[in-house]
Amino acid sequence: MVSRRKHGPVKLKGLGAKFGATVRKQYGMIQRTLKQKRKCPLCGSLKFDRIAVGIWYCPKCQYKVAGGAYDINIDKLRR
Ligand SMILES: [Zn+2]
């Protein structure tokens, strides 16, 4: 087996060494935002997750709400 050194603190899937550093950094930031654990605003469950782009859903209380594409709170992503 060939041993490989891991680069960086967070291993990201998807882009490999392609597309340049800026795009990969942005992709990493978005992925990290997306994979965050979120609390359902209704029941407080951590299962609150995105089921489609802009649609957020809690399987525990069936609460469904429209939000940002990568985060429920779009104000946080705006600069
Ligand atoms: Zn809920």
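So, aspartate 49: its bridge partner in S2 is tyrosine 57. Tyrosine 57 also has a bridge partner in S3, and that is lysine 64. One more from S2: tryptophan 56 there is the bridge partner of arginine 50.

Before I go on, this is a predicted model, where local features need pLDDT of at least 70 and side-chain atom pairs count only at pLDDT 80 or more, while totals for chains, interfaces and linings use all residues. Residue numbers start from 1 along each chain as its sequence is written. And pLDDT is the predictor's confidence in each residue, from 0 to 100.

How do the strands line up? We have 3 strands in an open sheet, ordered S1-S2-S3, with antiparallel pairing. S1 (49-52) and S3 (63-66) sit at the edges with a single partner strand each, so one side of each has no neighbour in the sheet. On average, neighbouring strands here are turned by 35 degrees against each other, direction ignored; the axes are lines fitted to C-alpha atoms, and angles in general run from 0 to 180 degrees between N-to-C directions.

Some terms: strands (E, at least two residues) and helices (H or I, at least four) are DSSP runs, numbered from the N terminus. Two strands pair if DSSP finds at least two bridges between them. S1 and S2 pair over 3 bridges, and S2 (residues 55-58) pairs with S3 over 4 bridges.

Now the turns. S1 and S2 make a hairpin with 2 residues between them, where glycine 54 has a positive phi of about 85 degrees. Valine 53 is in that loop too. Valine 53 counts as exposed because it has 8 C-beta neighbours inside 10 Å; the cut-off for exposed is 12 or fewer other C-beta atoms within 10 Å, for buried 20 or more, and partly exposed is in between, with C-beta atoms placed from the backbone. The hairpin of S2 and S3 has 4 residues between the strands, and glutamine 62 takes a positive phi near 60 degrees.

S2 has two faces: Trp56 and Cys58 are on the covered one, Ile55 and Tyr57 on the uncovered one.

What about helix H1? H1 (residues 21-35) has 15 residues and reaches 21 Å from first C-alpha to last, close to the 21 Å expected, which is 1.5 Å times one less than its number of residues. The number of buried residues in H1 is 0, so it lies largely in the open.

Last, confidence: mean pLDDT is 82 for the protein, with 81% of residues reaching 70 or more.
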